[in-house]
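Please examine the sequence and the model shown below. The paragraphs that follow lead through selected parts of the fold.

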Amino acid sequence: MKYNNYQYILLTSILSFITACGGDGGSSKTNDRLVDDAQAEAEMAAADGSNIQGRYIAKFVTLNSHVVGTIPGSAQFRREDNSLYAYLRLFAGSPSIAHFQNVHSGNRCPDMSDDANGDGYLDYQEALKVVGPIIIPLDWDIGSQLSANNSWPKAFPNGSYEYLKVTNFNRFWDDLKGTDRNPNDNIIKLAPDEGLAITGKVVLIQGIDPVTNLPETAAGYGRWKNYQTFPIACGVFKPMTEQTGTDYEETIPGPVGPVVEGQDQPAPEGSDEIPGTGTVITSGPS
């Protein structure tokens, strides 16, 4: 990625300020936000999408770990010439569960400090206030926000799944700049003179086993049940400067987010005989 002098000075100044401050864990979280903001600023979103180049990666951190255990995985975008690839893999989720997965307009992942009602669960309504509206639904057609019947991936019985889609970048970009046919939903368009920086955008993964005992205070969204929209993993996209490692049998392939102490517990066991046992489900929170 190329930077002009102004962008380089801006990024260097912020990083120098972060290094000088140091601090405890709370400061570290703030420092991470400053780094992300600096990277997003350096990308300088262009109205024609020309700034979107190369690879971007979002390493997952687990949300609601006391319910779901540890959810490793990552999401990637890659643009090569006029092709846009989206790749996502998730491990140790609930068995045979369909997952909503979307890129949102926000710039940070939610955490338990965003549990507004204090019930001990970070629900979708609370997460949504942090991650913002959807920009890119990662459904069966990333070239259109409202295509492919909003079909979503479904995990294997071991709780893992992989997702890979490719589209024509011009088609993708024209759709983002197109007419918003439903301004009342949770999906937004870009203005004609507006750009998009992948750096700093948030990807949110949702969905747990319907037998999970969630309180009534853990809200769903619209007509969707709370277990269908329940946040389980999140990541913030950053430029990817190195290739991922080679997969081998003894470890989980691909980069993952940090495992917080206390997260190293298995996800609840599920059953193949649960509602929605098809390979995909149709529609999602919008």
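Which residues does S94 touch, not counting residues up to four places away in sequence? S94 touches A155, G159, I208 and D209, where contact means heavy atoms within 4.5 Å. The model is predicted, so that local features need pLDDT of at least 70 and side-chain atom pairs count only at pLDDT 80 or more, while totals for chains, interfaces and linings use all residues. Residues are numbered from 1 along each chain as its sequence is written, and side-chain values use heavy atoms, with hydrogens and water left out.

S94 is placed in the loop between strand 4 and strand 5. Helices (H or I, at least four residues) and strands (E, at least two) are DSSP runs, numbered from the N terminus. With a relative accessible area of 5%, S94 is buried; buried means under 20% relative accessible area, exposed over 50%, and partly exposed in between, for a 1.4 Å probe and protein chains only. A polar atom of the S94 side chain lies 3.4 Å from the backbone nitrogen of D209. This pair falls under the term polar contact, a pair of N or O atoms within 3.5 Å; within protein, one must be able to donate a hydrogen and the other to accept it, and residues adjacent in sequence count only if both atoms are side-chain atoms.

The loop between strand 4 and strand 5 (100-104) also holds S96. The phi of S96 is near 60°, a positive value in a residue other than glycine, and S96 is buried at a relative accessible area of 3%. A positive phi, about 55°, is found at D81 as well, which is not a glycine either. D81 belongs to the loop between strand 3 (73-80) and strand 4 (83-90), and with a relative accessible area of 70% D81 is exposed.

A search of the whole structure finds three cavities of 30 Å³ or more. On a 1 Å grid over the protein atoms alone, a cavity is a set of points where a 1.4 Å probe fits but cannot get out, and lining residues have an atom within 4 Å of a point. Grid points are joined across faces, edges and corners, and a volume is the space filled by probe spheres set on the points. The largest cavity has a volume of about 40 Å³. Its lining consists of A75, Q76, F77, A86, Y87, L88, L138, Y163 and F237, with at least two residues supplied by each of strand 3 and strand 4. Eight of the lining residues are nonpolar, one is polar and none is charged; Ala, Val, Leu, Ile, Met, Phe, Trp, Tyr, Cys and Pro count as nonpolar, Asp, Glu, Lys and Arg as charged, and the others, Gly among them, as polar.

The search for disulfides, pairs of cysteine sulfur atoms within 2.5 Å, finds one in the whole structure. It joins C109 to C234, with an S to S distance of 2.1 Å. C109 lies in the loop between strand 5 and helix 4 (124-131) and C234 in strand 9 (residues 231-236), so the pair ties together parts that are 125 residues apart in sequence. The link of C109 and C234 is left-handed, with -90° about the S-S bond, and both cysteines are buried.

Helix 4 itself is mostly covered, six of its eight residues being buried. These are Y124, E126, A127, L128, V130 and V131, and their cover includes strand 5, strand 6 (134-137), strand 8 (202-206), helix 6 and strand 9. At the start of helix 4, a side-chain oxygen of D123 reaches to within 3.0 Å of the backbone nitrogen of Q125. Just after helix 4, G132 takes a positive phi of about 80°.

Helix 6 (residues 226-229) contains Q228, whose side chain reaches the backbone nitrogen of K225 at 2.9 Å. Beyond its neighbours within four places in sequence, Q228 is in contact with F100, Q206 and G207.

For the chain as a whole, six helices and 10 strands are assigned. Buried residues make up 49% of the 286 residues. Among contacts with a separation of 6 or more, 74% are between residues 24 or more positions apart.

Technical notes: 1 Å grid on protein atoms, 1.4 Å probe; cavity = no way out; pocket = protein on both sides within 12 Å on 5 of 7 lines; lining within 4 Å.
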